[in-house]
Amino acid sequence: MRVSAPDTRVVLAVRDLRKRYGQTVAVDGASFQIRRGECLALLGPNGAGKTTILRCCLGLTPPDSGEIRLFDEPVPQRARGVRVRVGVVPQLDNLDPDFTVFENLLVYGRYFGLPDATLRSRIPGLLELAGLEQKARAPIGELSGGMKRRLTLARALINDPELIVMDEPTTGLDPQARHLIWERLKGLLAAGRTILLTTHFMDEAQRLADRLAVIDHGRKICEGAPRELIRSRLEAQVVEVYGDGVHAWARDAGPRLAARIEMTGETVFCYTEDAGPIARDLESRPELRFLSRPANLEDLFLRLTGRELRDDS
Amino acid sequence: MTPESFPTGPPDATADRLSLFAAPRFSLRFVPLWRRHFLVWRKYLFERVLSNIVEPLMTLVAFGYGLGALLPNIDGVKYLPFLATGTICVSVMYSAKFESLWGAYSRMEVQKTWAGVMNTPLSVDDILFGELVWAASKSLFTGICMLLIIWALGIARTSGSLLTLPVLFFAGLSFSSMALTVNALARGWDSLSTYFTVVVTPMVFLSGVFFPLSRLPDWLQAISAWLPLTATVQIVRPMMLSLPMQNAGRCALLLVAYTVIGYAVALVLTRRRLLK
């Protein structure tokens, strides 16, 4: 976004970005900003346009219209030079299978024009960060999925980037591997790096992001700090009810007890500021089972983007 | 060609509009990519050298010594040197074609190496130029192996042989640029095989490698005159055998034209494929 005095704290500014492929609108007027040291998560279902937005920001996809400024340089016009200051973790690992762990980092670092001496001094620290010190000489084929992901993260840091762009950094990882990645990312944020990530995992967004932008059908639906968004848009508590006769219960008792009710298949979601009356009512109905919990990002997300299934597209 | 100051000179204002038809932007940023290819190649050095030596050696032994002993001289040249000087051109062509078809396609679509590289300061232009120069480098390496075999077997030990090396490099560029065009259009491995079967293999038989072009019917000679492999053979053979060259200028121009036009088309098609 153009401002009269350039705000050096804004790392990336996107204004009214639009991109269509034939009849399909991938990005439909997205705008957002990231400030230095901040983590912004683009949250959205499959096919919402998240990856296209990232590609546009990196200068890999020409937008139909809109303005992108990365480190105050216009993108895509100056993307090639600006990418020196960015580290990218792609959605799918594209490590070099012919190389060892060490060689992957060395060869990738050379693309940034960094001399071998600099890279060789930098690599041990990155291997440590990725927990791969013992694997420096291992071929890529020997690594587990989590190790590959950590190596991809280390590779994205080889040029000491100010901004790290991550497309679904933990998709396909087991819980241990995800927690390890999150821990590393929190460390990077604490060290002052800026992170832009896409995800469809609520817990990931809630854990890492200072702010999140919910994206659907190529548009930003809402933006803000995770807790604020939940608080401003949802009731405090959710009671999930299921079992025989749940629909009848929802029709009869639901509206009296809950502020709002949603039905999905065999489950009824009751949104309320106080779950007490609902819980007391349900305790007298043994055929119904229920779970009472605070409203979370998932509720917000489903509220905003709907509960129907999305195809990968 | 105006190489930018490497690594990351100030980008010019007109750069990187992601326009499909923008002029090619050359820079030295392709060098690290070339080094990457070289490092992979070095890991499989033994296999590569072996395949570079065994196959042409078999051709020379089977057709040169075996069949050639039964054949008369061709324009005053014995069959074995005639064949050897053509075979070196074929090997050089195969080298570039394989690298720019199966190698490049695998890096583009299977291993996604290019996708990784595009997240760095290299652009599609740099990646494609790196592929082009790398394929020609492999051609040159194959040419050196072949020259050593030909020299060791005593088939041709002329000083002109060394002069063929730059020619083989440039021939490699022209073979690669066409293959990169096919690569940019390929829908899968089958596209590459089809191109190889329909275009590359017939070219081997129409370029005066195994027999003189004068044996071809007129209409095939007319086609042959426009083939890059014919042009390569027509420069390399007389150079290695110290014979007078005919049409050398036209042949050289043909190779340059194939390189420049092929690369320009490949670049537009590759940008269209990747920058969307």
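This is a predicted model: local features need pLDDT of at least 70, side-chain atom pairs count only at pLDDT 80 or more; totals for chains, interfaces and linings use all residues.
Residues are numbered from 1 along each chain as its sequence is written, and chains are lettered from A and ligands numbered from 1 in the order in which they are written.

**Chain A overall**

Chain A contains 12 helices and 14 strands; helices (H or I, at least four residues) and strands (E, at least two) are DSSP runs numbered from the N terminus. The C-alpha trace of chain A extends over about 70 × 50 × 35 Å along its principal axes. Of the 313 residues in chain A, 43% are buried, a residue being buried if 20 or more other C-beta atoms, placed from the backbone, lie within 10 Å of its own. Two residues are in contact if their C-beta atoms, placed from the backbone, lie within 7 Å. Among contacts in chain A between residues at least 6 apart in sequence, 70% link residues at least 24 apart.

**Helix 3 of chain A**

Helix 3 of chain A (residues 101-110) is largely enclosed by the rest of the structure, because 9 of its 10 residues are buried. Among them are Val101(A), Leu105(A), Tyr108(A) and Arg110(A).

| Element | Chain | Residues |
|---|---|---|
| Helix 4 | A | 116-129 |
| Helix 5 | A | 145-156 |
| Helix 1 | B | 30-43 |

**The contact between the chains**

Chain B supplies 29 residues to the contact and chain A supplies 26 residues. On the side of chain B that touches chain A, helix 1 and helix 4 (113-118) of chain B are the elements giving two or more residues. Helix 1 of chain B gives the most, with 6 residues. This side of chain B comprises 15 nonpolar, 7 polar and 7 charged residues; Ala, Val, Leu, Ile, Met, Phe, Trp, Tyr, Cys and Pro count as nonpolar, Asp, Glu, Lys and Arg as charged, and the others, Gly among them, as polar.

**An open sheet in chain A**

In chain A, 4 strands form an open antiparallel sheet in the order 12-13-11-14; two strands pair if DSSP finds at least two bridges between them. Strand 12 (260-264) and strand 14 (288-294) of chain A stand at the edges with a single partner strand each, so one side of each lacks a neighbour in the sheet. Strand 11 (residues 237-243) and strand 13 (residues 267-272) of chain A run antiparallel and are joined by 6 bridges. Within strand 13 of chain A, Phe269(A) is the bridge partner of Glu240(A).

Technical notes:
A residue is buried if 20 or more other C-beta atoms lie within 10 Å of its own, exposed if 12 or fewer, and partly exposed in between; C-beta atoms are placed from the backbone.
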